[in-house]
Amino acid sequence: MAGSVDEQPIENEGQGRDVVLSARDVTVAFGSKVVLDRLNLDIYRGEILGFVGASGTGKSVLMRTVLRLLPRRSGTIKILGQDFDELNEPQRNALDMRLGVLFQQGALFSSLTVKENIQVPMREYLDLPHSLMDELAHLKIRMVGLAADAADKYPSELSGGMIKRAALARALALDPELVFLDEPTSGLDPIGAAEFDELIANLRDSLGLTVYMVTHDLDSLFSVCDRIAVLGKKRVMVEGTIDDMLAYDDPWVQAYFRGKRARSIVPQDNGARHDNGSGGK
Ligand SMILES: Nc1ncnc2c1ncn2[C@@H]1O[C@H](COP(=O)(O)OP(=O)(O)OP(=O)(O)O)[C@@H](O)[C@H]1O
Ligand SMILES: [Mg+2]
């Protein structure tokens, strides 16, 4: 939480808000294929940032790069005021423990029960007695709205929505400050997705989480996200509120936020629009 011992908040020029993740000039490439090109992004403490972009633009790649699962070619990334590159192994582990992750694919280990899945990060980072780990796992299961008997079930015995909740419980296993969610509501029906969004918002409010959420779900963007960042042209091309998106003059952004589906969710006429493409970038 704010004021943790080893935290060095970065002052954000202009806004003075506590930046918990800052990416500067981040370039990621696979061979000659550049996916991210000098990308910049800030995430502020306590916000739910919705990260969108066309399929294949690099949303998951950015998340994996931030988590050091993919190498970057250049640029700096600071998380909770610290740069992994400047840390030794114990310091990296300590920082890793403050992050929670729900991956787009392979959210849970299929050979482990829900309880055992939630305990994976505990076993990796903490040395706790069995009984305490069981208690903690049950607490997380309750926290994400699963029934207590989900604890001993295997992923194959769960519905899609339950798997997402169990994966969220695992992401929360170590009481992180910053959680990365890659399309957490994909595959859920609209009601299940709305409930999941509500859960995220409640957890943010009660635990003070900061949430980085990759999503294609316009409902989520509109109902729970404080800010939106759009990935396009290998960078974050626009970040801000829904109004900022509606006012942004780019064909993909306009199609996305003003398309057929958006019209039933996002209020379109709020004075923010720059008509006739006249509002430049
Ligand atoms: N390990 C890898 N090796 C080579 N190319 C990769 C690798 N991971 C991702 N890519 C490529 O990087 C690009 C961005 O992929 P990414 O998975 O980040 O897309 P995305 O924005 O998350 O898409 P979606 O919305 O479909 O999940 C794609 O062209 C993908 O093929
Ligand atoms: Mg992806």
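These legends describe close-up views of a predicted model.

**Conventions.** Residues are numbered from 1 along each chain as its sequence is written, while chains are lettered from A and ligands numbered from 1 in the order in which they are written. Because this is a predicted model, local features need pLDDT of at least 70 and side-chain atom pairs count only at pLDDT 80 or more, whereas totals for chains, interfaces and linings use all residues.

**View 1. The overall fold.** The protein has ten helices and eleven strands. Both are DSSP runs numbered from the N terminus: helices are H or I with at least four residues, strands are E with at least two. Of the 281 residues, 34% count as buried. A residue is buried if 20 or more other C-beta atoms lie within 10 Å of its own, exposed if 12 or fewer, and partly exposed in between, with C-beta atoms placed from the backbone. Among contacts with a separation of 6 or more, 68% join residues 24 or more positions apart. A contact means that two C-beta atoms, placed from the backbone, lie within 7 Å.

**View 2. The shell around ligand 1.** The residues around ligand 1 are Phe30, Val35, Gly53, Ser55, Gly56, Thr57, Gly58, Lys59, Ser60, Val61 and Gln104. Each has its C-beta atom, placed from the backbone, within 6 Å of the ligand. Helix H1 (residues 59–66) gives the most to this shell, with three residues. By class, the shell has three nonpolar, seven polar and one charged residues. Here Ala, Val, Leu, Ile, Met, Phe, Trp, Tyr, Cys and Pro count as nonpolar, Asp, Glu, Lys and Arg as charged, and the others, Gly among them, as polar.

**View 3. Strand S4, covered on both faces.** Six of the six residues of S4 (residues 48–53) are buried, so the strand is largely enclosed by the rest of the structure. One side carries Ile48, Gly50 and Val52, and the other carries Leu49, Phe51 and Gly53. S4 runs parallel to strand S9 (residues 210–214), joined by four bridges. Strands pair if DSSP finds at least two bridges between them. In S9, Val214 stands opposite Phe51. S4 also runs parallel to S10, with five bridges. There, Leu49 has Arg227 as its bridge partner.

**View 4. Strand S5 and its partners.** Strand S2 (residues 18–30) and S5 are antiparallel and joined by five bridges. Ser22 stands opposite Lys78 of S5. S5 also pairs with strand S6 (residues 82–83) in the antiparallel sense, over two bridges. Ile79 faces Gln82 of S6 as its opposite residue. Two residues lie between the strands of this S5 and S6 hairpin, where Leu80 takes a positive phi near 50°.

**View 5. Three residues of strand S5.** Ser74 is found in S5, which spans residues 74–79. Ser74 is exposed, because it has 12 other C-beta atoms within 10 Å. Beyond its neighbours within four places in sequence, Ser74 contacts Asp25 and Thr27. Thr76 counts as partly exposed, with 14 C-beta neighbours inside 10 Å. Thr76 touches Arg24 and Asp83, not counting residues up to four places away in sequence. Thr76 and Arg24 are 52 residues apart in sequence, yet 5.3 Å apart in space, C-alpha to C-alpha. Ile77 is buried, because it has 22 other C-beta atoms within 10 Å. Ile77 contacts Ala23, Val26, Val66 and Asp83, leaving aside neighbours within four places in sequence.

**View 6. Helix H5 and its packing.** H5 (residues 160–171) has twelve residues and reaches 17 Å from first C-alpha to last, close to the 16 Å expected at 1.5 Å a residue. The expected span is 1.5 Å times one less than the number of residues. Buried residues of H5 include Lys164, Arg165, Leu168 and Arg170. The buried residues pack against strand S7 (99–102), helix H3 (114–125), helix H4 (130–143), strand S8 (178–182) and helix H6 (190–207).

View 7. In H9 (residues 251–258), Val253, Tyr256 and Phe257 are buried. They cover an arc of only 85° around the axis, which puts them on the same side of H9. The arc is taken from the directions from the helix axis to the C-beta atoms. On the other side, Pro251 and Ala255 are exposed. The buried residues of H9 pack against strand S10 (227–232), strand S11 (235–240), helix H8 (242–247) and helix H10 (260–263).
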